[in-house]
Amino acid sequence: MFSWTALTPIGLILVPLFLVYVYAYIKFSRSGDSKTEHGEKIMQQAYKYSIPVFPIGWLLIEAYHRLISNVSLDIYRDCIAILVLLFFSIQGLTIIFLKNNSSLQPNSERH
């Protein structure tokens with residue numbers, strides 16, 4: 001069974017990454033770039049890659065709970081918090097990556 005001490009290192013790794021990627025997400029979503037067609041495509045791709053985190057993560061937690069060992073409410077809550085951190089981290093990382101991706105650039109900006 002999980003313990004709080006097992007989830008602490010994961011949190012210590014994810015929280016700084018979460019802060020960086022949430023900053024990138026907020027900065028991009030508030031900029032004028034997100035209002036363009038290119039920016040909207042980037043936001044759609046970011047949502048496309050980040051949304052599966054919740055159902056897949058929840059399915060894994062439930063499978064572990066039902067098939068391997070009982071998961072206490074505290075551990076379940078911590079796992080959901082990790083899924084939230086992962087969701088926003090993946091979204092911010094995708095935005096950072098796709099801003100420089102030439103396959104999503106408008107035709108007039110391709111080199």
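1. Helix axes here are lines fitted to C-alpha atoms over the stretch in contact, and angles run from 0 to 180 degrees between N-to-C directions. Helices are DSSP runs (H or I, at least four residues), numbered from the N terminus. The axes of helix 2 (residues 37-50) and helix 4 come within 8 Å and cross at roughly 145 degrees.

2. A word on the basis. This is a predicted model: local features need pLDDT of at least 70, side-chain atom pairs count only at pLDDT 80 or more, and totals for chains, interfaces and linings use all residues. Residues are numbered from 1 along each chain as its sequence is written, and side-chain values use heavy atoms, without hydrogens or water.

3. Which residues make the contact between helix 2 and helix 4 (heavy atoms within 4.5 Å)? From helix 2 come His 38, Ile 42, Met 43, Gln 45, Ala 46, Tyr 47, Tyr 49 and Ser 50. Helix 4 supplies Phe 87, Ile 90, Gln 91, Thr 94, Ile 95, Leu 98 and Lys 99.

4. Next, the aromatic rings. Rings of Phe, Tyr and Trp (its six-membered ring) pair if their centres lie within 6.5 Å; planes under 30 degrees apart count as stacked, over 60 as edge-to-face and the rest as tilted. The count is three aromatic pairs. Phe 18 and Phe 88 pair edge-to-face, at 6.2 Å centre to centre and 75 degrees between the planes. This pair links distant parts of the chain: Phe 18 is in helix 1 (residues 4-30), Phe 88 in helix 4 (residues 73-99), 70 residues apart. Phe 87 and Phe 88 are also edge-to-face, with centres 5.0 Å apart and planes at 85 degrees. One cluster takes in Phe 18, Phe 54, Phe 87 and Phe 88.

5. Burial of the two neighbours is worth a check. Buried means under 20% relative accessible area, exposed over 50%, partly exposed in between (1.4 Å probe, protein chains only). Phe 87 is buried at 13%. Phe 88 is partly exposed at 29%.

6. The whole structure holds three salt bridges (a side-chain nitrogen of Lys or Arg within 4 Å of a carboxyl oxygen of Asp or Glu). Lys 41 pairs with Glu 37 at 3.7 Å; both lie in helix 2, four residues apart. Lys 41 is partly exposed at 36%, and Glu 37 is exposed at 58%.

7. Glu 62 bridges to Arg 66 at 3.2 Å. They sit four residues apart in helix 3 (residues 53-68), about one helical turn. Glu 62 is buried at 18%, whereas Arg 66 is exposed at 66%.

How values were computed: Helices (H or I, at least four residues) and strands (E, at least two) are DSSP runs, numbered from the N terminus. Contact means heavy atoms within 4.5 Å.
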